[in-house]
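Dear colleague,

I am passing on the structure below, and I would be glad if you could look through it before reading my notes.

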Amino acid sequence: MSFLTHGTTIVDAILTDEGRRRVSLGNFDIVKFSLHDDEIVWDKIEQLAADGSEIGETQIINTPVFESISENTRALKYHLLTMGDSGLKHLISTLLVTQPSQGGQSQATGANAGWYVALARQSAYDSNYSNVNLPTGFIKAYDKSLIAKNSNSWIYIDHGFNDVADAPKKWDQELPSELSEGRVWVKMDTRIGRLVRPNSNGVSLEPIGLDDDYIATYFLSASPGSDTSEFFENVQAKEGASPILAARGRRIRLPVYASPDINAASNVLWNNLGGTSTNFFNSSDDALAIDTIMSVEGVTTNLNITVPIRFVKNA
Amino acid sequence: MATKFSPNITIEYAKQYPKEALVVTASIFSGSFGEPAIATSNIKDHSLGYYQTTYDYPHLSQSASPLCDITYGVRSGGAFTTTAGTTADPHAKENIYNQMSALILGYNQTGSLRVFDLSGSFDTVASSVMDSPTFFNFSRLVMKDEIKAGSFELVIDEDTWKEPMSFTGSLITITDADSTNLENGLRILKTSAGNNVGILDRFRGIAAIQLSSSLVSTVFDNEDIDFFVSASDARSWDYEESIENATILELATATRHRIQRLSLTNTTQLNNAIYYITAQGAEFNYSSNPSYVNTSSQIRVCLSAGTPDNGKVAYSYVTGIGLYASDGELMAVAKISKPVRKQHGFPFSIGVRLTV
């Protein structure tokens with residue numbers, strides 16, 4: 001009886017919709033791979049058995065795994081990372097900067113709590129807010145020139161060590177370079193929202209890619225000489241200047257405006273992608289609303305955040 | 001240097017030939033769903049009468065799939081003088097013969113069509129020439145990329161016509177098992193007694209069978225044996241009369257009712273690219289999963305009872321693999337049925353098979 005050889009495990013892959021599209025175009029190629037742990041909820045690692053013993057890793061191993069799906073923007077979510085330092089005990093946290101005192105933009109409150117509300121049409125502002133203050137978390141997204149110049153309308157994201165007691169670097173120290181993210185991908189449905197260059201005269205940022213589901217990918221780099229470095233800024237050198245409590249990386253600032261596709265009189269796209277929100281404006285007038293997300297992901301680190309944005313106009 | 005990708009991929013190309021055995025019984029050919037005249041039939045006559053299609057289910061159903069077409073050909077200048085083809089085309093059988101011959105056999109050096117020949121020599125008109133072949137044209141669903149050699153088997157009742165056929169005591173099996181390979185994927189079809197009765201084109205999924213001479217007793221040539229009968233029309237034709245006077249659709253119906261079973265094994269050619277990926281020991285040991293760190297940015301797997309433990313080294317678990325184009329777009333995705341641990345010092349290798 002001979003020994004069984006150690007064969008390599010082989011798993012079956014499926015083409016994504018973008019992969020199928022490229023096969024049809026004749027420019028299909030594969031040059032790199034990534035590993036993912038989308039199904040794992042790592043909180044479980046800290047769970048204890050009834051007798052107090054650690055059972056966390058068993059919980060991880062027993063996690064059921066989903067089948068593959070072909071939608072390329074949703075098929076895989078969380079990358080595994082390669083870091084130069086094998087002894088890290090901290091990675092970074094990613095937080096929205098929602099305190100104006102920290103230079104951030106508040107999210108909306110009440111029925112819109114947790115959202116940034118973007119007015120997609122000037123008529124929504126004129127008929128509802130021209131004589132009153134714009135509610136907290138509301139953005140005049142209908143005018144990209146205005147958005148570009150008004151830093152109070154931007155969305156801010158900080159990253160770093162959010163640990164006071166055990167952080168390897170304190171707030172007044174530099175975040176280790178391999179954890180300081182200077183390049184991010186921003187993904188958003190281009191039919192709904194787009195990015196405009198900060199402090200410009202309303203110059204839109206061109207995405208580096210647009211997939212078959214209208215998801216535009218923007219690439220922002222803080223590197224010197226990059227034409228997207230204006231999307232980054234240094235956090236004020238003050239202890240309470242950021243929701244991140246210890247060492248911080250560069251702040252990301254994102255001016256978002258309503259796409260011309262929805263900044264239009266037609267309701268077709270609004271009805272296809274959203275719906276009516278009753279008594280939305282001043283608790284009396286209905287709105288058409290499209291809920292969407294803007295995802296921001298670091299190119300090399302675990303910077304990862306999903307920003308919910310609700311675009312509205314008069315119904 | 002932190003990264004989320006690795007170019008450490010080697011590619012191996014391979015082919016697979018999965019096979020599938022199919023059996024179509026008399027209940028499909030002439031049983032369960034009735035004849036074309038009724039709406040729920042699984043038999044559909046071609047609108048111009050050139051062939052008849054058998055479906056696996058009533059053909060008007062969206063879930064119905066075609067299995068095979070049956071049609072007839074008559075060689076011009078052969079033993080039969082046909083007067084009927086389709087309603088509009090009296091030369092339909094000759095045209096079908098020529099069409100099949102041109103497609104399967106081609107033209108000879110003089111520019112003439114080669115002829116179907118039971119001997120496997122298609123260039124001369126001899127006594128073994130098939131003058132009135134029945135053609136079974138299998139759908140892609142049935143034949144896939146090709147019919148496996150030696151797998152075709154047709155069991156047909158040679159008894160005189162009756163409705164329904166009895167399928168007892170008078171069955172002839174026609175097969176390419178233990179047969180000879182001819183040119184270009186063609187194989188001779190034989191009865192179980194060893195008599196040559198037709199030609200199988202494995203790659204086109206077409207069986208040409210000469211029923212008149214195919215059967216040991218040549219019963220269809222016997223004028224006392226009716227090949228095709230339509231009681232309502234008071235017709236009682238032997239094989240020769242049927243070939244000359246019946247339409248293609250009538251002949252297809254007669255043939256269909258004689259089939260007790262048809263079986264074959266199809267073959268599909270799958271082209272695989274296997275991407276062997278290797279994550280080195282120092283790679284992919286951390287995760288960007290937001291739950292990988294707690295609200296204090298601490299890596300959860302490096303904690304003991306909620307506080308950092310210097311004795312623990314970060315590790316991760318793999319559940320998914322992404323394959324990317326040079327511009328970073330996700331081209332293919334694979335999942336692992338059970339999370340696999342990835343930790344420092346231990347490489348992780350796996351093959352990702354992409355089938356086209």
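What does the accessible surface of chain A come to, and what percentage of that surface belongs to carbon and sulfur atoms? Please keep in mind that this is a predicted model. The accessible surface of chain A comes to about 14500 Å², and 48% of that area belongs to carbon and sulfur atoms.

To begin with chain A as a whole, the chain has 315 residues, of which 49% are buried, and its secondary structure consists of five helices and 17 strands. Taken along the principal axes, the box that the C-alpha atoms of chain A fill is roughly 85 × 55 × 50 Å.

Two residues deserve a look for their backbone angles. Most residues other than glycine have a negative phi. A:Tyr214, although not a glycine, has a positive phi of about 70°, and this residue sits in the loop between β10 (209-210) and β11 (215-221) of chain A. With a relative accessibility of 43%, A:Tyr214 counts as partly exposed. A:Asn282 is also not a glycine and has a positive phi, in this case of about 55°, and its place is in the loop between β15 (275-281) and β16 (285-298) of chain A. The relative accessible area of A:Asn282 is 47%, so this residue is partly exposed.

The next topic is the pairing of charges. Side chains of opposite charge can pair when their charged atoms come close. Over all chains, the structure holds 27 salt bridges.

One of these salt bridges is formed by B:Arg300 and A:Glu46, whose closest N and O atoms are 2.5 Å apart. Because B:Arg300 lies in the loop between β17 (286-287) and β18 (303-304) of chain B, while A:Glu46 lies in the loop between β2 (32-36) and α2 (56-61) of chain A, this pair joins two chains. B:Arg300 counts as buried at 12% relative accessibility, whereas A:Glu46, at 32%, counts as partly exposed.

Within chain A, a salt bridge is found between A:Glu233 and A:Arg253, with 2.8 Å between the closest N and O atoms. This pair links distant parts of the chain, since A:Glu233 belongs to strand β12 (residues 232-233) and A:Arg253 to strand β13 (residues 251-254), and the two residues are 20 residues apart. The relative accessible area of A:Arg253 is 13%, which means that this residue is buried.

In chain B, the side chains of B:Arg187 and B:Asp176 meet in a salt bridge with an N to O distance of 2.9 Å. B:Arg187 lies in strand β10 (residues 186-191) of chain B and B:Asp176 in the loop between β9 (171-175) and β10, so the pair ties together parts that are eleven residues apart in sequence. Both B:Arg187 and B:Asp176 are buried. Finally, salt bridges that share partners join A:Glu18, A:Arg21, A:Arg22 and B:Asp327 into one network.

With kind regards

Terms used
Residues are numbered from 1 along each chain as its sequence is written. Chains are lettered from A and ligands numbered from 1 in the order in which they are written. This is a predicted model: local features need pLDDT of at least 70, side-chain atom pairs count only at pLDDT 80 or more; totals for chains, interfaces and linings use all residues. Side-chain values use heavy atoms; hydrogens and water are left out. Helices (H or I, at least four residues) and strands (E, at least two) are DSSP runs, numbered from the N terminus. Buried means under 20% relative accessible area, exposed over 50%, partly exposed in between (1.4 Å probe, protein chains only). Accessible areas come from the Shrake-Rupley method with a 1.4 Å probe; for residues, only the protein chains shown count as cover. A salt bridge is a side-chain nitrogen of Lys or Arg within 4 Å of a carboxyl oxygen of Asp or Glu.
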